[in-house]
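Work through the exercises below with the structure at hand. Each task is followed by a solution in steps.

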Amino acid sequence: MRAVAVVGAGVLGAAVAWNLARRGLRVVVVEREPVPAAGASGASFARATAFGRAPRAYFELRHAGLRTLHRLRETGVPGFHPCPSLVWSRDDPALADTVATARHQGYRACHGPCAGFPVPAGPGRAVPAARAAYLPAEGWVDLPAMADWMLARARRFGADIRFGARAVDIRTGADGAVRALVLADGGAVAADTVVNAAGAGADRVARLVGGPLALAPSAGLLAEVPLARELDAMLLAPDISIRPAGAGAALLRSDAIDSRLGAAPAADLAAEAAAELLERAAAVLPELAGARPTAARVGVRAFPADGYPSVGFLSGVPGYYEAVTHSGATLGPLLGRLAAEEIASGHRSRLLAPYTPDRFGGSAVPDQGAGIAPAHT
Ligand SMILES: Cc1cc2nc3c(=O)[nH]c(=O)nc-3n(C[C@H](O)[C@H](O)[C@H](O)COP(=O)(O)OP(=O)(O)OC[C@H]3O[C@@H](n4cnc5c(N)ncnc54)[C@H](O)[C@@H]3O)c2cc1C
């Protein structure tokens, strides 16, 4: 029987493990932390979207990711919360243009409220509904809940999920092919395939087989605030993003603040920035005036250096498979399924074609057709 070791129990590792295990492969997941989703998956804004300027191939991948989330929800997989997005921009004509392109590509988007969809209550005068891009088919993902569920299902199919197990080496044979994953406690997991789903730690795991993966990690601050009602939309203004976070809470983040944070912000800087997040949020959602954050945390985005996913086998090291991406709330469940399909059957989806890990050994620019700078959340 084929044996696969998966490094990392974030949403991507969990999705790969679930899809492999239900195909009947022998799966061992090793996670260095004591719980799942301890990395970016546990500290993510987690908006599922395919909206924004991007090359056609990347738009299609994200659109397929969003459709996958809707489908999983219909079949009872927990974690995805459908919720419309309202997006504002300082450059309204450019926003209208992005909406027109999105509609042309088959994405549900309107400039101004879409017919048949209620205008969400709450946003103040600073963000008029008539100037918003209205995206009714989006949502947010409770990534820990989804990862937890996928790992539990994988276990039911026989997968062995190990927490507190850090991968420190990948053993290869004389032919260069993967033989085993070596753990920090000196143990080893025999495997013909190792999946690197280690998020922000993935470049270190890649180095174990001489892989060229390059990451450009960036920190993001999230603050949770109490809210007397459940927010019925995600509100994305130029200086602040607000989304529901379950009953009675909202989650806040800001590109402007994140760009000042650096890779590992000190606690006092994060606390100061959380207060600023609230001030910005109250300008968009006046009912937040005077609220205090109940929790603030910093997550690290595992950006491959060119901004796009790195998913596939690395040529030259048979059995080493990379599954690393930003936008993993949108893409994780889809990439997990496509990766498992490729590992189990050898079939590589056309959606993955531009994102081979080999590209980091060269120019690190995936060939995706028309080149437009990517927009990332
Ligand atoms: C602030 C912020 C905002 C974001 N906003 C969005 C958004 O709005 N929309 C969106 O789609 N995405 C967003 N993302 C990105 C998304 O959260 C990530 O792409 C996704 O969570 C990545 O999942 P993962 O499983 O690849 O990585 P992770 O969740 O980081 O999991 C990797 C796991 O590997 C483990 N690990 C690492 N090295 C080893 C080792 N040697 N041995 C064993 N285990 C190891 C880690 O402990 C970790 O648990 C955001 C991320 C952040 C940080």
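Contact here means heavy atoms within 4.5 Å. The model is predicted.

**Exercise 1.** Determine which residues of α1 and α8 meet, and describe the crossing of the two helices.

Solution. Start with the axes: those of α1 and helix α8 (residues 328-345) come within 8 Å and cross at roughly 35 degrees. The crossing is right-handed. On the α1 side, the residues are Val-11, Leu-12, Ala-15, Val-16, Asn-19 and Leu-20. They meet Gly-328, Gly-332, Pro-333, Leu-335, Gly-336, Arg-337, Ala-339, Ala-340 and Ile-343 of α8. Sorted by class, this contact has 10 nonpolar, 4 polar and 1 charged residues.

**Exercise 2.** Is α1 roughly parallel or roughly antiparallel to α4?

Solution. The axes of α1 (residues 11-22) and α4 (residues 143-156) cross at roughly 25 degrees and come within 8 Å. Angles under 35 degrees count as roughly parallel. Therefore α1 is roughly parallel to α4. The crossing of α1 past α4 is left-handed. Contact residues include Trp-18 of α1 and Trp-149 of α4. By class there are 13 nonpolar, no polar and 1 charged residues in this contact.

**Exercise 3.** Find which strands stand at the edges of the sheet of 8 strands.

Solution. Write down the order of this open sheet, β6-β7-β5-β15-β16-β17-β14-β18, in which the pairing is mixed. β6 (110-111) and β18 (295-301) each have a single partner strand, so they stand at the edges and one side of each lacks a neighbour in the sheet. Next, take β6: its pairing with β7 (residues 133-135) is antiparallel, over 2 bridges. Cys-110 has Tyr-134 in β7 as its bridge partner.

Notes. Residues numbered from 1 in each chain as written. Predicted model: local features only at pLDDT ≥ 70, side-chain atom pairs only at ≥ 80, totals over all residues. Heavy atoms only, no water. Axes fitted to C-alpha atoms, helices over the stretch in contact; angles between N-to-C directions. Helix = DSSP H or I, 4+ residues; strand = E, 2+ residues; numbered from the N terminus. Parallel < 35°, antiparallel > 145°, perpendicular 65-115°, else oblique. Left-handed = near helix turned anticlockwise from the far one by under 90°. Nonpolar A, V, L, I, M, F, W, Y, C, P; charged D, E, K, R; others polar. Pairing = 2+ DSSP bridges.
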